[in-house]
Amino acid sequence: MKNYEIEIDGQVYQVKVRELPDDEEMDVGEKPIPKSKPVVPTASGEKVTAPMSGTILRVLVQAGQNVKTGDHLVILEAMKMENEIIAPHDGTIKEILVKPNDAVDSGQDLVIM
């Protein structure tokens, strides 16, 4: 992080600026949002992976459940923020690879659709 001073209408403000990695986007006033990673097709289905390291708080689906695009699958806590992992497309949950309190790494498989 770098410290800067910004002057606006004669008033000086001190700010800290953090450079984002190339794989993150940021909306003004929002936390960093990792770009969606592609769902990886496999012989057994498509894997939905963790966008960042963290801890699984809740698993919101069950094997065999039908989901629609945007449905919440898993809640992942990272840096004291709850991140909703959503279904990238309509489909059926084939397998759940994590459970609450599991620590996961970035890119780790969470669910197979």
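This is a predicted model: local features need pLDDT of at least 70, side-chain atom pairs count only at pLDDT 80 or more; totals for chains, interfaces and linings use all residues.

Me: How many bridges do β9 and β10 share, and in which sense do they pair?

Reply: The pairing of β9 and β10 is antiparallel, over 6 bridges. One of the paired positions is V74, whose bridge partner in β10 is I85.

Me: Which strand holds N83, and is N83 buried or exposed?

Reply: N83 lies in strand β10, which spans residues 81–86. Its relative accessibility is 9%, and N83 is therefore counted as buried, the cut-off being under 20%.

Me: What does the side chain of N83 reach?

Reply: The N83 side chain reaches the backbone oxygen of M81, at 3.2 Å.

Me: Now the sheet. What is the strand order?

Reply: The order is β10-β9-β7-β13, an open sheet of 4 strands with antiparallel pairing. Its edge strands are β10 and β13 (103–104), each of which pairs on one side only.

Me: How many bridges join β7 to β13?

Reply: Strand β7, residues 54–59, is joined to β13 by 2 bridges, and the two run antiparallel. G54 stands opposite V104 in β13.

Me: Changing topic: which residues have the most contacts inside the largest nonpolar core?

Reply: Those are L73 and L110, in a core of 18 residues. Both β9 (72–78) and β14 (109–112) supply at least two residues of this core. The largest share, 4 residues, comes from β9.

Me: What is L73 in contact with, leaving aside its neighbours within four places in sequence?

Reply: With those neighbours left aside, the contacts of L73 are V48, V59, L60, V61, V67, I85, I86, A87 and I93. I85 is also the bridge partner of V74.

Me: And the protein overall: how many helices and strands are there?

Reply: There are 0 helices and 14 strands.

Me: What share of the residues is buried?

Reply: Buried residues account for 22% of the 113 residues in the protein.

Methods:
Residues are numbered from 1 along each chain as its sequence is written. Side-chain values use heavy atoms; hydrogens and water are left out. Buried means under 20% relative accessible area, exposed over 50%, partly exposed in between (1.4 Å probe, protein chains only). A polar contact is a pair of N or O atoms within 3.5 Å; within protein, one must be able to donate a hydrogen and the other to accept it, and residues adjacent in sequence count only if both atoms are side-chain atoms. Two strands pair if DSSP finds at least two bridges between them. A nonpolar core is a set of buried Ala, Val, Leu, Ile, Met, Phe, Trp, Tyr and Cys residues joined through side-chain atoms within 4.5 Å. Contact means heavy atoms within 4.5 Å.
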